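I opened my notebook to look through a protein model, one element at a time. Here is what I looked up, in the order I went.

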Amino acid sequence: MVKKQVPTAAQAEIDAARAAARNTDSGPATPPPPKAWQGDPPTLKAAEAQQMASAMPYNALKPAEHGESNAQSTPPGEVVSGSSRVPLASTLSEANESAKTGAVAPEGVNATISPLDRVRVDSSNQVLTTNQGVPIADNQNSLKAGARGPVLLEDFILREKITHFDHERIPERIVHARGSGAHGFFECYEPLTQYTKAAPFQEAGKITPTFVRFSTVAGERGSKDTARDVRGFAVKFYTDEGNWDLVGNNMPVFFIQDAMKFPDLVHAVKPEPHHQMPQAASAHDTFWDFVSLMPESTHMLMWQMSDRAIPRSYRMMQGFGVHTYRLVNDAGEACLVKFHWQPKLGTHSLVWEEAVKISGADPDFHRRDLWEAIEAGEYPEWELGLQIFTEDQAEQFSFDILDATKIVPEELVPIQIVGRLVLNRNPDNFFAETEQVAFCTAHVVPGIDFTNDPLLAGRIHSYVDTQISRLGGPNFHEIPINAPVAQVHNNQRDGMHRQAIHRGRVAYEPNSLGGGCPFQAGAAQGFTSVARRLDAQQSADKVRIKPEKFADHYTQARLFYESQSEVEQAHIGNAFRFELSKVTVPAIRERVVASLRNAVPALAERLAQDLGMELPQALPKALENPTPPEVEVSPALSLMARPGDGGVRTRKVAVLIGHGVDGPSLGKVISSLVEQGAVPRLVAARLGTYVAVGGEKFAADATMENSPGFLFDALVLPDGEEAVAALAADAHTLEFLRVQYWHCKTILAFGASQALLAEAQIPLMMADGEPDPGLILADAADADEAITDFIAAMGLHRHFGRENDPPRSEVATTAQS
């Protein structure tokens with residue numbers, strides 16, 4: 001027998017220390033001796049953990065947590081760097097790699113924060129598998145006990161497929177359910193460091209990735225795009241200091257002043273609960289009952305009844321942050337700000353009859369328009385404008401800047417253009433990106449802060465709350481489309497659908513076992529709220545009340561109406577008439593008209609006449625003598641103030657064709673439109689190839705049946721007796737032509753096709769006897785000049801001089817050019 005050597009006392013101490021390091025429920029009173037660390041990872045981890053913890057004998061930051069004098073000078077957290085990464089590991093076995101686990105986590109990196117390439121899937125040349133990666137041999141048949149026998153419960157492939165299908169839908173948004181989105185970027189023109197330390201505005205040319213979602217408000221997910229409604233305009237900035245969500249609308253004001261009323265508003269505008277009608281419409285009793293009892297809605301009603309509620313395209317509407325926010329610079333100095341998005345294509349809308357018809361022919365009209373423009377490389381673009389003003393200026397305004405039913409007129413505070421937004425990539429998957437994107441007004445970055453707007457306060461809570469419900473739990477920020485590009489490091493753990501796998505044993509702060517990490521950034525780098533606000537230096541009593549200036553419910557409603565062109569004012573009146581004609585309770589109509597008497601008496605008088613009612617007495621005002629307004633007319637509030645550059649890029653033009661058309665003039669039209677960036681479509685009675693007089697062949701890619709006239713921005717009628725005769729024999733042609741005329745669009749008629757104008761009873765002159773600038777009549781021989789005139793007239797968007805209320809029906813003049 002070999003006699004074992006007795007270890008020395010020093011070796012015994014080393015062995016004991018190494019044994020202790022292998023326990024997880026208790027440890028020795030003293031740290032292991034240095035020689036015990038060598039070549040023994042568990043002991044090394046225990047020793048380095050002791051070193052890190054002892055390097056932080058107490059919380060040195062505690063004194064700075066107390067006293068108002070320290071409120072704006074929060075220090076960064078204490079950090080202790082270990083000798084190695086070993087004590088920060090969850091497990092010493094992390095070095096053992098596999099195809100699933102990978103290797104040790106990259107130092108200081110949250111690997112879930114990376115471009116969306118990490119989650120994109122390309123199944124090219126791949127076999128079909130289950131969600132567990134098992135190849136599927138037969139995806140056509142369920143597993144049965146014999147060809148005519150029962151389906152077996154053991155068919156896990158069928159069960160997985162059906163179960164997943166049954167759970168593919170998530171709750172839709174309560175409001176803004178129907179939307180469309182795109183990726184893009186924001187480019188800063190000049191640094192705004194004198195105003196804000198917000199990351200997107202730090203230097204000229206700085207690029208910040210974005211995702212933008214447009215939406216209607218009232219309709220459900222499957223409703224139509226062209227409803228009369230507010231449009232959401234929500235922008236997610238993926239900044240290098242975290243995500244900033246500017247969640248706004250295409251109108252700068254709202255119906256209510258306090259978030260307490262938001263559930264009431266939405267319940268009122270949604271389909272009535274007893275029969276779930278009408279869908280995506282405000283023309284019903286409960287909505288008008290509610291707003292007629294909430295006179296602060298009057299300003300917003302003017303916007304909603306205006307053409308802004310039926311935009312031609314998402315690409316042709318403004319966006320607004322709605323609320324007043326704060327900008328904060330590095331010195332902690334704050335100013336107030338209103339956010340404006342200005343479309344480069346100008347502000348253009350549909351007309352009501354057109355919107356109604358489009359909703360039946362193509363309920364995806366706006367969604368399709370956005371998608372097709374981006375696919376064609378015609379990237380939508382907006383410029384960001386800021387209205388920047390001080391607290392002192394705000395105190396002098398006749399209105400309260402905390403009131404979301406008020407604007408700051410541009411005549412008081414001009415708009416400063418600071419950058420541009422470009423949308424240049426469509427989503428790969430609608431559900432994963434557009435449907436799962438989560439916008440929250442609470443998502444701000446250093447340099448952006450809130451005001452005491454009581455509607456904004458409710459949104460700060462509500463948006464986060466609804467995303468938790470809609471997206472399955474508190475980890476919705478880990479869904480790829482919502483993940484920031486800035487690194488995420490905190491001590492939040494667990495919850496439904498958690499994606500991140502955190503390394504280490506520490507999930508609290510302060511700590512010493514993680515070297516103090518992740519540590520608080522401190523006031524110099526982290527987000528801090530503005531400490532002193534003039535709007536907070538009021539009574540500290542707990543009250544449920546509104547400021548006195550909130551009681552002026554009509555002055556800015558009148559400002560908006562008086563700032564519109566005559567055509568826009570007429571459309572507002574028409575919209576009120578239509579909406580109120582749908583109300584079944586006369587008393588509600590009377591109350592709305594009585595309220596409007598306080599804003600625009602002439603409008604109220606017109607509505608009383610149109611609705612066949614006596615003009616009611618004006619409603620009592622909450623504030624009889626409001627402060628006189630600084631501005632009574634603001635031309636910038638008219639859609640006509642932003643016509644765009646007059647170009648015709650992306651405008652859709654119908655070119656009617658048939659056998660026997662004049663080929664040369666038709667070819668010139670098509671080439672000229674394409675050259676100008678327009679999208680001509682050859683429309684015929686049926687799909688197919690049509691032969692011109694000279695033998696040229698033209699392929700029709702649309703029919704008057706599947707693409708009615710109201711889907712196009714302009715119309716070209718061809719020359720050629722045979723073609724015109726064939727078109728005249730098709731009843732669709734005259735309807736096609738009439739709606740183009742009624743909707744005030746530009747029409748080019750060559751030679752023989754001018755007979756179609758007479759047959760469709762299209763007047764060649766305006767009501768005042770002047771030539772119609774939107775009717776271009778020419779012989780095919782004069783095609784070049786006619787096409788130039790046609791494109792210029794189309795750039796005006798519409799020719800509202802044709803409008804009559806109701807539309808007139810008369811035989812066209814016999815004079816033909």
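**Entry 1: helix H17.** I looked up what the buried residues of H17 pack against: strands S11 (652-656), S12 (679-684), S14 (697-700), S16 (714-717) and S17 (746-750), and helix H21 (783-794). Helices (H or I, at least four residues) and strands (E, at least two) are DSSP runs, numbered from the N terminus. I took buried as under 20% relative accessible area, exposed as over 50%, and partly exposed as in between (1.4 Å probe, protein chains only). The buried residues in H17 are Gly663, Ser665, Leu666, Val669 and Leu673. H17 covers residues 663-675, 13 residues in total. From first C-alpha to last, H17 reaches 18 Å, close to the 18 Å expected at 1.5 Å a residue; the expected span is 1.5 Å times one less than the number of residues. Just after H17, glycine 677 takes a positive phi of about 90 degrees.

**Entry 2: a note on the source.** This is a predicted model, where local features need pLDDT of at least 70 and side-chain atom pairs count only at pLDDT 80 or more, while totals for chains, interfaces and linings use all residues. Residues are numbered from 1 along each chain as its sequence is written, and side-chain values use heavy atoms, with hydrogens and water left out.

**Entry 3: strand S8.** Is S8 (residues 381-389) buried or exposed? Nine of its nine residues are buried, so S8 is largely enclosed by the rest of the structure. In a regular strand, side chains alternate between the two faces of the sheet. Here I found Glu381, Glu383, Gly385, Gln387 and Phe389 pointing one way, and Trp382, Leu384, Leu386 and Ile388 the other way. S8 pairs with strand S7 (residues 334-343) in the antiparallel sense over eight bridges; strands pair if DSSP finds at least two bridges between them. Glutamine 342 stands opposite glutamate 383 in S8. S8 also pairs with strand S9 (residues 416-425), antiparallel over six bridges, and there glutamate 381 stands opposite valine 422.

**Entry 4: the cores.** A nonpolar core is a set of buried Ala, Val, Leu, Ile, Met, Phe, Trp, Tyr and Cys residues joined through side-chain atoms within 4.5 Å. Which members of the largest core touch the most others? Of its 53 residues, they are Phe255, Trp288, Met302, Phe576 and Leu603. Helices that each supply at least two residues of this core include H5 (262-269), H6 (285-292) and H14 (566-581). Another core, of 35 residues, lies apart from it, and Cys188, Ala198, Val235 and Leu384 are among its members.

**Entry 5: aromatic rings.** I searched the whole structure and got 24 aromatic pairs. Rings of Phe, Tyr and Trp (its six-membered ring) pair if their centres lie within 6.5 Å; planes under 30 degrees apart count as stacked, over 60 as edge-to-face and the rest as tilted. Phenylalanine 287 and tryptophan 288 have ring centres 5.3 Å apart and planes at 85 degrees, so the pair is edge-to-face. Phenylalanine 287 is buried at 1% relative accessible area, and tryptophan 288 is buried at 0%. Beyond neighbours within four places in sequence, tryptophan 288 is in contact (heavy atoms within 4.5 Å) with residues including Leu301, Phe576 and Ile588.
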